[in-house]
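Here is a short report on one protein model. Keep the sequence and the 3D view open while you read.

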Amino acid sequence: MIRRATKLDKIRWLIVYTTDFVVLISFVGYYDLYVRMRMGMPWQVLAVAAVLLLALQVLAMRSFRVALREGSRPTAVLVVSGLIVALLSIFPIMWAHPPWLAALAPFVRRRTIIVLSIASIAVLNLYVTLAQGFEPPFFVMQSVLTAISVGGVLANLWLWRVAKEAHEGQDALAQLAVSEERLRFSRDLNDLLGQSLIDVAARTASAERALRADREAAAAQMFEVRDLARKSLREVRATVQNYRALDLDEVLASVRAVLEAADVRCTVRAETGSLAPETRTLLATVVREGATNVLKHSKAERCTITIKDGVLEMSNDGVSGPVGEHAQIGLAGLAERVRAAGGTLEARPVQQDRYMLRAAVPA
């Protein structure tokens with residue numbers, strides 16, 4: 001399901017497959033074995049060597065996938081593949097050493113893998129030199145293959161870490177941006193109600209003490225508590241009303257920035273100049289709730305927002321699975337507010353993986 005995969009998944013696949021290509025360079029070793037068979041080496045022995053080389057390649061690919069998932073070191077896999085390399089060194093087959101070193105590279109220190117690579121080149125070339133004399137092409141080829149294999153794996157691991165950190169940073173930025181308004185509203189309410197509730201509690205305690213000695217004084221103090229509570233209620237309502245009075249243009253810019261930060265390409269085409277203040281606030285609320293749903297309930301890559309003559313259409317891709325009725329909060333509450341203003345709100349799938357949020361209110 002490549003279409004529904006996240007970009008981080010696609011990056012991981014790309015890194016895995018390019019690393020597999022580094023390992024697959026050793027497939028040239030099969031041609032080496034074929035040449036040896038033409039030169040008279042028993043085919044039974046070469047068949048065993050071919051099976052061992054194939055097993056080594058499979059184990060090397062498995063080792064890198066474990067490293068990419070940040071799993072624990074696969075000691076058994078590395079030991080078995082090391083024994084296979086030792087057996088293939090009898091021939092010798094220089095194509096066996098680079099895959100094993102590449103599989104080992106993610107799980108040891110960089111200095112260790114460099115030392116092992118140099119030792120592998122030196123030991124294998126010493127063996128060849130003692131058997132049939134020094135062969136410069138053999139030395140050069142093994143050195144190049146080892147550098148490409150080990151260096152390629154280390155470079156891919158570094159790229160994966162960078163991509164993962166960037167993706168996690170985008171998710172964090174999107175979540176912070178979505179919750180910023182709610183946190184601000186919470187701070188406003190805390191600042192507003194904190195002192196008022198302290199005063200109510202203090203005056204209520206004073207009235208309780210006065211009740212034993214002077215009922216009229218206690219009653220007067222309770223009237224003050226009532227007035228203070230009413231005043232606090234008016235202030236809370238004013239704060240909520242100001243909170244709901246959102247600026248549509250600011251919300252559109254903020255939503256676009258949030259979606260872009262979450263790696264969702266956002267296109268905005270909005271004609272807002274002629275809209276009434278109440279309409280602007282209502283559409284701003286719908287846009288903000290729609291953006292929250294895009295981030296929470298889809299794997300969107302594209303989102304389009306259009307506003308014309310009081311009609312808002314917000315569509316996105318990346319929707320998978322059936323889409324149920326509105327929840328008890330969120331869009332359901334918005335639908336009631338839009339109907340109260342004389343408009344309509346609907347949210348439904350429009351294509352196989354696309355979703356449309358449409359709100360029409362009097363302009």
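Helices (H or I, at least four residues) and strands (E, at least two) are DSSP runs, numbered from the N terminus. Alanine 67 sits in helix α3 (residues 43–68). The model is predicted: local features need pLDDT of at least 70, side-chain atom pairs count only at pLDDT 80 or more, and totals for chains, interfaces and linings use all residues. Residues are numbered from 1 along each chain as its sequence is written, and side-chain values use heavy atoms, with hydrogens and water left out.

**Alanine 67**

Is alanine 67 buried or exposed? Alanine 67 counts as buried, because its relative accessibility is 13%. Buried means under 20% relative accessible area, exposed over 50%, and partly exposed in between (1.4 Å probe, protein chains only). Contact means heavy atoms within 4.5 Å. Leaving aside neighbours within four places in sequence, alanine 67 contacts Pro106, Phe107 and Leu157. Leucine 157 is 90 residues from alanine 67 in sequence, yet their C-alpha atoms are 8.2 Å apart.

**The sheet**

Five strands form an open sheet with mixed pairing, in the order β1-β2-β3-β5-β4. Its edge strands, β1 and β4, each pair on one side only. Two strands pair if DSSP finds at least two bridges between them. β1 and β2 run parallel and are joined by six bridges. Threonine 267 has threonine 304 in β2 as its bridge partner.

| β1 | 265–270 |
| β2 | 302–308 |
| β4 | 344–349 |

**Nonpolar cores**

A nonpolar core is a set of buried Ala, Val, Leu, Ile, Met, Phe, Trp, Tyr and Cys residues joined through side-chain atoms within 4.5 Å. The largest has 33 residues, of which Leu283, Val286, Ile305, Leu312 and Leu345 touch the most other members. Two or more residues come from each of α9, α10, β2, β3, α11 (331–340), β4 and β5. α10 gives the largest share, seven residues. Another core, of 22 residues, lies apart from it and includes Leu68, Phe107, Ile113 and Trp160.

Which residues does leucine 312 contact, leaving aside neighbours within four places in sequence? They are Leu283, Val286, Val287, Ile305, Thr306, Ile307, Leu357, Arg358 and Ala359.
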